[in-house]
Amino acid sequence: MSNPMVQIHDVSKSFSREGFEVIALDHVSLDIEQGDFLALMGPSGSGKSTLLNLLAGIDRATAGKVDVLGTDLARLSESQLAVWRNAHIGYIFQTFNLIPVLTAFENVELPLLLTKLSKAERRKNVRTALELVGLEDRMNHQPRQLSGGQEQRVAIARAIVTDPNLILADEPTGNLDAKAGEEILSILSTLNRELKKTIVMVTHDPQAAGYATHEQHLEKGATDGQRMNVGSPIHDSKEIDHASKAQDIRRGAWHAVVCRGACDHPCRESTGVVPTAKADHRWLYAGLYARGMYCRAQEERR
Ligand SMILES: Nc1ncnc2c1ncn2[C@@H]1O[C@H](COP(=O)(O)OP(=O)(O)OP(=O)(O)O)[C@@H](O)[C@H]1O
Ligand SMILES: [Mg+2]
């Protein structure tokens, strides 16, 4: 018997907020085998997104062990995690999280900017990924020129362009109509069946779960009485120092990249990108993406 690709053993995760402890996951154990397409279901607030974030190494468990692809994620430093995540994880978000000022091609290319691939190799891989999701004819479109379903297909292409071992999707059809949702689900199903990708998909929709090969229900991440009900996840953003660098992104528009969480570093430190006079803002985005910060980043235009 081979080892499961993902081993979550007795994992708890708590957040502290205004003096209260919010227990998002309480002693959860779960194995995921290579080649599984797992639908992770459960009521709102049961810790599904928290669990995905732990698998991606975006957050760290408070207790217990998260082992993904034979790596105990607790042993990796933040920068090691960023490299590891970029190489092994593809993340798809409910709200697509494409960079509005970049084309579909440039959005998909982001994770590759942090690899050693040449420009020609990057181009080839981006094309292949966009072809896989049926969007080769939309490469030069910006997100606002695409439908929601097409945006999500670009986001899938971005998630698979590095050929990751594990694809994590957090309610990937949550913002789509039924038809677009079905297209996304059938792409995920193809990735699983034909390209043998292991997928963990959070969904509320039993029909969406029907595309998966396995289902796992998460009932309240915590035991009764312990979990504080604080309503929806927190968005107390702290403006980070990406703002000043992001100012260059587009002349005339002031963009602030706002990040939820503790990002104390100026972007050039946190992304490892040393800006030059001709700094290409795509590197900044690529760095944020790899850091898992991008998933929480939003753009504000003023
Ligand atoms: N950064 C955070 N700080 C404090 N509490 C948090 C944070 N992130 C999540 N939580 C809390 O942890 C619990 C689980 O949240 P999580 O987002 O994982 O739930 P979910 O199952 O994904 O819910 P939904 O279906 O609504 O997306 C909730 O009570 C939530 O408020
Ligand atoms: Mg969620």
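## The model at a glance

This is a predicted model, so a word on confidence comes first. The average pLDDT of the protein is 77, and 72% of the residues score at least 70. Two stretches call for care. Over residues 222–279 the pLDDT stays under 50, and the model has 80 contacts beyond four places in sequence for them. Residues 294–302 also stay under 50, with 26 contacts beyond four places in sequence. Where pLDDT is low, the predicted coordinates should not be read in detail.

The protein has ten helices and twelve strands. Of its 302 residues, 45% are buried. Among contacts with a separation of 6 or more, 70% are between residues 24 or more positions apart.

## Val154 and helix 5

Val154 sits in helix 5. Leaving out residues up to four places away in sequence, Val154 touches Leu98, Ala104, Asn107, Val108, Leu135 and Leu146. Met139 is 15 residues from Val154 in sequence, and their C-alpha atoms are 9.0 Å apart in space.

Helix 5 covers residues 148–160, which makes 13 residues. From first C-alpha to last, helix 5 reaches 19 Å, close to the 18 Å expected at 1.5 Å a residue. Most of this helix is covered, with eleven of its 13 residues buried. The buried residues include Gln150, Glu151, Gln152 and Arg153, as well as Ala155, Ile156 and Ala157. Arg158, Ala159 and Ile160 are buried too. Their cover includes two strands, strand 6 (89–92) and strand 7 (166–170). It also includes helix 3 (104–113), helix 4 (119–132) and helix 6 (178–193).

In soluble globular proteins, nonpolar side chains tend to be buried together. Here, the largest nonpolar core has 66 residues, and Leu55, Ala157 and Leu168 touch the most other members. Helix 5 gives the most to this core, with six residues.

What does Leu55 contact, leaving aside its neighbours within four places in sequence? Its partners are Val6, Val66, Val68, Leu168 and Val200.

Four strands form an open sheet in the order 2-1-4-5, with antiparallel pairing. Strand 2 and strand 5 (71–72) are the edge strands, and each pairs on one side only. Strand 4 (residues 63–68) and strand 5 run antiparallel and are joined by two bridges.

## Two residues with positive phi

Which residues other than glycine have a positive phi? Asp10 and His27 are two examples. Asp10 has a phi near 55° and lies in strand 1 (residues 6–17). It counts as exposed because it has 12 C-beta neighbours inside 10 Å, and exposed residues have 12 or fewer.

His27 has a phi of about 55° and is found in strand 2 (residues 20–32). With 14 other C-beta atoms within 10 Å, His27 is partly exposed.

Note on methods
Residues numbered from 1 in each chain as written. Chains lettered and ligands numbered in written order. Buried ≥ 20, exposed ≤ 12 C-beta atoms within 10 Å, placed from the backbone. Contact = placed C-beta atoms within 7 Å. pLDDT = per-residue confidence, 0-100. Expected span 1.5 Å × (residues − 1). Pairing = 2+ DSSP bridges. Core = buried A, V, L, I, M, F, W, Y, C linked by C-beta atoms within 7 Å.
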